[in-house]
Amino acid sequence: MENLIEVKNLYKTYQENRGFLSPKTEPTKALEGINLEIKKGEILALVGESGCGKSTLGNCILKLIETTSGEILFKGENILKFDKKQTKEFRKKAQMIFQNPYSSLNPKMKIGEILEEPLIIHGFRDRKKRKQDVIESAQLCGLSEGDLKKYPHEFSGGQRQRVAIARALVLKPEFIVADEPISALDVSIAAQIINLLCELKDKLNLTFLFISHDLNIVRYISQRVAILNKGKIVEIGETQEVFDNPKDNYTKLLISSIPKINI
Ligand SMILES: Nc1ncnc2c1ncn2[C@@H]1O[C@H](COP(=O)(O)OP(=O)(O)O)[C@@H](O)[C@H]1O
Ligand SMILES: [Mg+2]
């Protein structure tokens, strides 16, 4: 399978403290020499404990934050060298689904406006076509045309995450980073969202970086998995193979601590 994304020797150091109350004064080395490939059409899961650098890597790959050094290739081209115009084109093709569907949607905008906004930003002038695209994207995610007139507060957490997914899809991207997209949801709702993502992947031929700390979900959803520990990838491979036969000690520890599901 061909690579959609290649990350080469990526480093990210945060110079500043995150907040006023943070006791740290040293810069944070969040990522130290990451190398990985994401193959076209796969779901690559990125796993690791809180604070190990998962979101940082997802944000670097989408160029949402600055990378300290290294290369990120999208279809063979280094996105870190892209000029403004190229970056804007890249943004159409690569989208993020955030963890929290409560804070990631503007409460003052109707769902229809939220879904249309990316199309407006990217200069799609044909109003009628925009409306069509919005309806299509909403329906793909299990939302109705009537839902477009509502506001985020009228929806449950699961429906809001559907809106966030529909917004990510409206520009017809090829690549999606989903950063813990279900961790704010109840278990049964989470399962529906996971199934929706799998369905969309097949229907739209998408490629995913799926960030999670839930290994049961990862085993279910991903073809390959990368294990991140303190800013370094300690193991990467076919999901089945890594779960059945983990090589790295940290991976072994993570897998041995998976809560068993009793059915
Ligand atoms: N904006 C920021 N400024 C400073 N430090 C940050 C910032 N974002 C994350 N960090 C630090 O970088 C490290 C990795 O964080 P993050 O990528 O959010 O981890 P994860 O998503 O795996 O929980 C942590 O030590 C975190 O405190
Ligand atoms: Mg995170």
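Predicted model: local features only at pLDDT ≥ 70, side-chain atom pairs only at ≥ 80, totals over all residues.
Residues are numbered from 1 along each chain as its sequence is written, and chains are lettered from A and ligands numbered from 1 in the order in which they are written.

Along the principal axes, the C-alpha atoms fill a box of roughly 55 × 50 × 45 Å. The chain holds 9 helices and 10 strands; helices (H or I, at least four residues) and strands (E, at least two) are DSSP runs, numbered from the N terminus. Of the 263 residues, 37% are buried, that is, 20 or more other C-beta atoms, placed from the backbone, lie within 10 Å of their own. Among contacts with a separation of 6 or more, 69% link residues 24 or more positions apart, a contact being a pair of C-beta atoms, placed from the backbone, within 7 Å.

Beyond its neighbours within four places in sequence, Ala45 is in contact with residues including Phe210, Val218, Ile221 and Thr239.

Next come the strands. Strands of a sheet pair through backbone hydrogen bonds, either parallel or antiparallel; here, two strands count as paired if DSSP finds at least two bridges between them. An open sheet of 4 strands has the order 2-1-4-5, with antiparallel pairing. Its edges are strand 2 and strand 5 (77-78), each pairing on one side only. Strand 1 (residues 3-14) runs antiparallel to strand 2, with 9 bridges joining them, and Asn3 has Lys39 of strand 2 as its bridge partner.

Strand 7 (residues 175-179) is mostly covered, with 5 of its 5 residues buried. In a regular strand the side chains alternate between the two faces of the sheet. In strand 7, Phe175, Val177 and Asp179 point one way, and Ile176 and Ala178 the other way. Strand 7 runs parallel to strand 6 (residues 94-97), to which 4 bridges join it, and Ile97 stands opposite Ala178. Another 5 bridges join strand 7 to strand 8 (residues 207-212), also in parallel, and there Phe175 has Thr207 as its bridge partner.

Helix 1 is largely enclosed by the rest of the structure because 7 of its 8 residues are buried, among them Lys54, Ser55 and Thr56. The helix is followed by Lys63, whose phi is positive, near 60 degrees. Around ligand 1 there are 13 residues, of which Tyr14, Ala30, Lys54, Ser55 and Thr56 come nearest; a residue is near if its C-beta atom, placed from the backbone, lies within 6 Å. Helix 1 (54-61) and strand 2 (28-39) each supply at least two residues of this shell, and the largest share, 3 residues, comes from helix 1. The shell divides into 3 nonpolar, 7 polar and 3 charged residues, where Ala, Val, Leu, Ile, Met, Phe, Trp, Tyr, Cys and Pro count as nonpolar, Asp, Glu, Lys and Arg as charged, and the others, Gly among them, as polar.

Terms used. Buried ≥ 20, exposed ≤ 12 C-beta atoms within 10 Å, placed from the backbone. Contact = placed C-beta atoms within 7 Å.
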